[in-house]
Amino acid sequence: MTDAGRSTVGESDSDVEAAIREHHPALITYITAGDPSLADTKAYVEALDRGGADLIELGLPFSEPVAEGATIQAAINRALEAGTTPEGFFELVADLETEAPLLVMTYYNMILQYGAAPDVRPFVERAAEVGLSGIIVPDLPAEEADPLREACDDNGLDLVFIIAPTTEGERLDRIMSHVSGFAYVQARLGTTGARENVSGATHDSLARLSEYDVPKAVGFGVSEGDHAAEIIDAGADGVIVGSALVDIIAEHGPAGTETATRSDTPGDAAAALEAKAEELKRGARRGADTITDDHEKEPEPEQP
Amino acid sequence: MSMEHDDEHESGRTGTFGDYGGQYVPEALMPALQELEDAYERYVLENEDGFMDEFRERLRDFGGRPTPLQRADRLSERYDREIYLKREDLLHGGAHKLNNALGQVLLAKYMGKERIIAETGAGQHGTATAMAAAHLDMPCEIYMGRTDVNRQRPNVYRMRMNGADVNPVAAGSGTLKEAINETMRDWATTVERTHYVIGSVVGPHPFPKMVRDFQAVIGDETRTQIREQAGRLPDSVVACAGGGSNTMGTFHAFVPDDEVALHAVEAGGSSLEIDEDAGLAPNSATLSTGTDGVLHGAMTKLLQGTDGQIVESHSVSAGLDYAGVGPELSHLVETGRVVPATVDDEDALEGFHRLSRLEGIIPALESSHALGYLERAAGSAGETAGGQRPRDEDRGDLGDLVVVNVSGRGDKDLETVLEETETRDLEAAPDVEVFDG
């Protein structure tokens, strides 16, 4: 159970928020759907779920991914070349049975174009129907989000907003007052991509956000268990890992391209993803166990 | 620069034009857009610290403004009406692009930014930005699609001569769309000290308005010049449209003049059909054939498949080769104020050769689309192989007094034109075989 200090959003019936609270510190994983095929994605999602992912973001590929670094751009290209469509994506999600709630991460135009005329509702309704719990849209700032927010509210989905290192002042207050699911804290300026260290900006952001009583998860550049430990120790409720997992998928290559020198089967990629998820989750737990008192923040929820 | 008729068709704080426009960008960029909006309002709209005075002075002394409005004697004779050419090809750098680049680099300086980045398609915006950055002593990096780097080599060297770094972008078809994606990624990383000089009236608010206002000098001059020279406003104004910066720059002053018809001429490429399986549109006819969606920060008309994936556009002219278009143009087309038209590759090449031969002016391939439209709408052109023949309503609606914006000069296009001319039987072309050996 959560502590009383979290009453503002703690009373919501969000599966996303519940997953973060109940499995604190949470591991949130991202992979691109259809990379290298939707069938492989199914195996990978199940592996991440077994490995300890508490929330799973699935990227629905868009041809112009302006927020992504080279790793996820390449994954999106592979998924598009494999013919991934929104409907194929939804069918995959309908077919998945995971402990972890699933979120879709995609660009606004994909949401607008799903129905016959440009409108966000058909996408949101279909997302709810196949069992998705939330939506993340990297090119939709809060100012433009009203239509999608209303559609998500009507369909019981969370619309997760990103907090950037440049988000400050009155805008920060406004966005934090509408947090749905969790606040996605962007660890550094720039695009997605695995990095070798945790940025100073991450610590700055978490310190700046400590007064806001909402679940916070940090993404952009997180790739190792030690990063997860450091970020949780710095006050986050969860870590978000994408490019490091996409790298594992890329290294293993598509199914059926097995060569004598590489063991390129989806099973191996799935096993590697499961092991990586375990490493990250262990790291996050380590961070929670060693939480220091030198940062000003609200007390952490009770740990089991 | 005329701000007096301020935008009856605009509303809303996020800079929308009817249903179009807005700010669809990653959160990290929102504070920078607000900072830019504030600077735009203070320096551009209110002339704080004499910004606009300095801008106009530099446009005159460095850019060579005003550019002439020239009566085209032989075209007037050919079409049996008065044809005037707005000579943006005579602006420093050889295209209208300097108006915007100089304005934005100067604004970046006023804002205290330390570095300039820009995308470029044909290379005209990149060269203009590199010139402006050298002129104003700012470090400058240009992103350019790999395909465009190959087909616009002279411009790559011009940018480098002016001290800019040119970064080729290999993704996708290696054209303008990919260059914009990569520049946005750079900006999302370096936003605190860098200004992104967008090259057209596209992108998130305030770019569409701000770029239009820097380019509006074209239409402001034209409006004054045509009254002096012809004694009245024109019946119609014709400009090519890719992203739409020369289009909006030329049209803006005339938008309130209901008696002046505004014709935006897009690249018809080789066909107006979209091949969704291949993700290709062999044209850049966004206003004529596009559907509403969000790309590069704005709601606008786009070339896209039914799922929402953006398709690769095509035009013989690199500067028109873009799957989106400025949101204000989408709005003006939607309300009927601007009439869109398409001219295919072949008719644009005819327009290129015709102006070169009849008037002694070698136009950019972009501008050649406007000239191709003139032939169709005002001329006696018969059927050609292009397949995009005039609809009946296109004929004769230009009136007796027509202004065509020659947005740039064609020196940069000679290599492309020679290649494309060799494979075609063009009426207006010289014998290109004499160039062999």
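Of the 304 residues of chain A, 57% count as buried; a residue is buried if 20 or more other C-beta atoms, placed from the backbone, lie within 10 Å of its own. The model is predicted, with local features needing pLDDT of at least 70 and side-chain atom pairs pLDDT 80 or more, while totals for chains, interfaces and linings use all residues. Residues are numbered from 1 along each chain as its sequence is written, and chains are lettered from A in the order in which they are written.

**Exercise 1.** Decide whether K97(B) is buried or exposed.

*Solution.* 
Step 1. K97(B) is buried because 30 C-beta neighbours lie inside 10 Å.
Step 2. Beyond the neighbours within four places in sequence, K97(B) is in contact with Q124(B), H125(B), A128(B) and G199(B), contact being C-beta atoms within 7 Å.
Step 3. An unreviewed UniProt entry places "modified residue: N6-(pyridoxal phosphate)lysine" at K97(B); such annotations may be inferred rather than shown by experiment.

**Exercise 2.** Describe the side of chain B that touches chain A.

*Solution.* 
Step 1. Chain B supplies 27 residues to the contact and chain A supplies 31 residues.
Step 2. Strand 3 (20-24), helix 1 (30-45), helix 8 (176-190) and strand 12 (291-295) of chain B each give two or more residues.
Step 3. Helix 8 of chain B gives the most, six residues.

How values were computed
Buried ≥ 20, exposed ≤ 12 C-beta atoms within 10 Å, placed from the backbone. Contact = placed C-beta atoms within 7 Å. Helix = DSSP H or I, 4+ residues; strand = E, 2+ residues; numbered from the N terminus.
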